[in-house]
Amino acid sequence: MVNFRIPSLPGEPLRAALVDNFWTVDPKGAASFECPPNGRKLFVSYANGDYFRCEFDIIEDRDQLAKKLPKLKHVSSYPFGFPFTMVMIEQELSGIYPKFSQEYMDTGKITIGDTVMNASVIRITT
């Protein structure tokens, strides 16, 4: 399960969130958003260039994982059980951390890249 809240700018209402597998998007604040009927992905963009993207994929085997994450080395040594559900999160917000991309996570103090986290509990607050 993934819970994620997009930080709002001071004085703004909640922009978007994924809480207990339920998407919430404030349509008044978003310039555009895309969420196909299967709920597998969400893309929200804002007039100032900020955006949030989240996509779930079922990974059947190591070959599929290697194709999905071609920049990662040593995928064959990762102790995953297959199949599993992978989530990729991207977030770019003007002057707000953390920033997420498919290649790194930047908290403003540290940058983490080239890694896959499995069955992890990660809490980042700003």
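The model is a predicted one, and a search of the whole structure finds zero disulfides in it. For C35, the closest cysteine sulfur is that of C54, and because the two sulfurs are 9.7 Å apart, they are too far from each other for a bond. The cut-off that matters in this step is that a disulfide needs the two sulfur atoms within 2.5 Å.

The surroundings of these two residues can also be described. C35 has a relative accessibility of 36% and therefore counts as partly exposed, whereas C54 is buried, with a relative accessible area of 0%.

## Aromatic pairs

Two aromatic pairs are found when the whole structure is searched. In the pair formed by F43 and Y51, the ring centres lie 6.1 Å apart and the planes meet at 35°, so this pair is tilted. F43 counts as partly exposed at 22% relative accessibility, and Y51, at 22% relative accessibility, counts as partly exposed too.

The rings of F82 and F84 have their centres 5.4 Å apart, with an angle of 45° between their planes, so this pair is tilted as well. F82 has a relative accessible area of 26%, which makes F82 partly exposed.

## A charge over a ring

Beyond the ring pairs, the side chain of an arginine is also placed against an aromatic ring: R15 lies over the face of Y46, at a distance of 4.2 Å from the ring centre.

Terms used: Residues numbered from 1 in each chain as written. Predicted model: local features only at pLDDT ≥ 70, side-chain atom pairs only at ≥ 80, totals over all residues. Heavy atoms only, no water. Buried < 20%, exposed > 50% of the residue type's maximum accessible area, 1.4 Å probe, protein only. Phe/Tyr/Trp six-rings, centres within 6.5 Å; stacked < 30°, edge-to-face > 60°. Lys NZ or Arg CZ within 6 Å of the ring centre and 35° of its normal.
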